[in-house]
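Visitor: I have a model open and would like to learn how to read it. Could you walk me through a few features?

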Amino acid sequence: MSPVVSIVLPVKNAQKHLSECLESIQSQTLKSWELLAIDDHSIDGTRLILDEFAQGDERIIVRKNPGFGLVDALNYGIDQSRTSLIARMDGDDIMHPTRLEKQVHFLSQKISIGLVACKVEHFPQATDNERKGYHYYVEWTNSIISPESHSINRFIDCPFAHPSATFRKELIRKHGGYRNGDHPEDFELWLRWLSMGIRMEKIPEILLSWRDQPDRCSRVDPRYSQSAFHKIKASYLKQWLENELSLKERMIVCWGAGKIAKKMFRCLESEGIQVSLFLDPDPKKIGKKISSLPIKAPAKLPSPKNCFILILASARGARQEIIEFLTSKKYRVGEDFLALA
């Protein structure tokens, strides 16, 4: 049976949960897949587990990463694949049985969509504050379904879990693959593709169990730091502002003057994005300045024809409150304001 989708699975020292991951792939209702398992120079029992599964299943192809690191492993796996569809997977996550069937069918029916993801469940249950942050992030990503929602929310954070995505291989040829650098490799790729007009959608079902571990890359690798996310967002935001929005008659206003907002502003500033003033409801901040720019109360908000607002407030619930306020004042998302946090 010829495969219709290629699963690309980069693994490094993943022996603890790898068997469970591979078993979930073998349990897919769609049987016509190939798995490119790329071992990124593991020093534990990862390769032994991969070889054992491959010996009993000809659909599993094990290769050693000819380069080093996740990006090289991903690009090599895609290069070695034989189908027109690429499904991402990580070695500690669990596919639900119908994931591949539903995503492959979705892409076969919706030709205009370049990438389809799905809702995910975050496990094990969050207990400490840091892991609760991931839980809130998953809640947010699961609320983003349509292509329009993915597009308009792209500068807040990565709008879906990397291992939940299946995309058309032709996008790699047309717009490039994963890039090495001081940035999250998946977020950079999605921002680049979205900037090229690629439409992304999410199946509104939980089809992946996304494991959170203390040593996951997004916790320990500086490429996934808050600063790295700020920088890559600012870079693509500048391009979006130049290509999608006419600011000739309007100033840029930042809503939010907290610590994270200031860090984000520095990245905007470094990209040459010129901000005119800040808004913040905190009376302790009103009247002060950030980099010579005044902080004013929201009551001083200019009219939509005179400004474009970037929401930088990061406190939980603040973004939605600001959006509701702006919407009540006839500001339109994507045309008069955009959220970055």
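Predicted model: local features only at pLDDT ≥ 70, side-chain atom pairs only at ≥ 80, totals over all residues.

Visitor: How is a pair of packed helices described?

Guide: Two packed helices are described by the angle between their axes and the distance between the axes. Here, take helix α8 (residues 185-195) and α10: their axes come within 10 Å and cross at roughly 10°. An angle under 35 degrees counts as roughly parallel, so α8 and α10 are roughly parallel to each other.

Visitor: Which residues of α8 and α10 meet?

Guide: From α8, Phe 187, Glu 188, Leu 191, Arg 192 and Ser 195 meet Phe 229, Ile 232, Lys 233, Tyr 236 and Gln 239 of α10. By type, the residues of this contact are five nonpolar, two polar and three charged.

Visitor: Which residues have the most contacts inside the largest nonpolar core?

Guide: They are Phe 167, Trp 190, Trp 193, Leu 237 and Ile 309, in a core of 106 residues. Helix α10 (residues 226-244) supplies the largest share, seven residues. Another core, of five residues, lies apart from it and includes Leu 36 and Tyr 76.

Visitor: What should I look for in the backbone angles?

Guide: Most residues other than glycine have a negative phi, and most peptide bonds are trans. In this model, the bond from Phe 123 to Pro 124 is cis, with omega near -5°, and Pro 124 is in the loop between β6 (113-123) and α5 (129-142). Ser 291 has a positive phi of about 55°, and Ser 292 has one near 70°.

Visitor: Where is Ser 292, and is this residue buried or exposed?

Guide: Ser 292 is in the loop between β11 and β12 and counts as exposed, at 58% relative accessibility. Ser 291 is in the loop between β11 (289-290) and β12 (293-296) and is partly exposed, at 34%.

Conventions. Residues numbered from 1 in each chain as written. Heavy atoms only, no water. Core = buried A, V, L, I, M, F, W, Y, C linked by side-chain atoms within 4.5 Å. Buried < 20%, exposed > 50% of the residue type's maximum accessible area, 1.4 Å probe, protein only. Helix = DSSP H or I, 4+ residues; strand = E, 2+ residues; numbered from the N terminus. Axes fitted to C-alpha atoms, helices over the stretch in contact; angles between N-to-C directions. Parallel < 35°, antiparallel > 145°, perpendicular 65-115°, else oblique. Contact = heavy atoms within 4.5 Å. Nonpolar A, V, L, I, M, F, W, Y, C, P; charged D, E, K, R; others polar.
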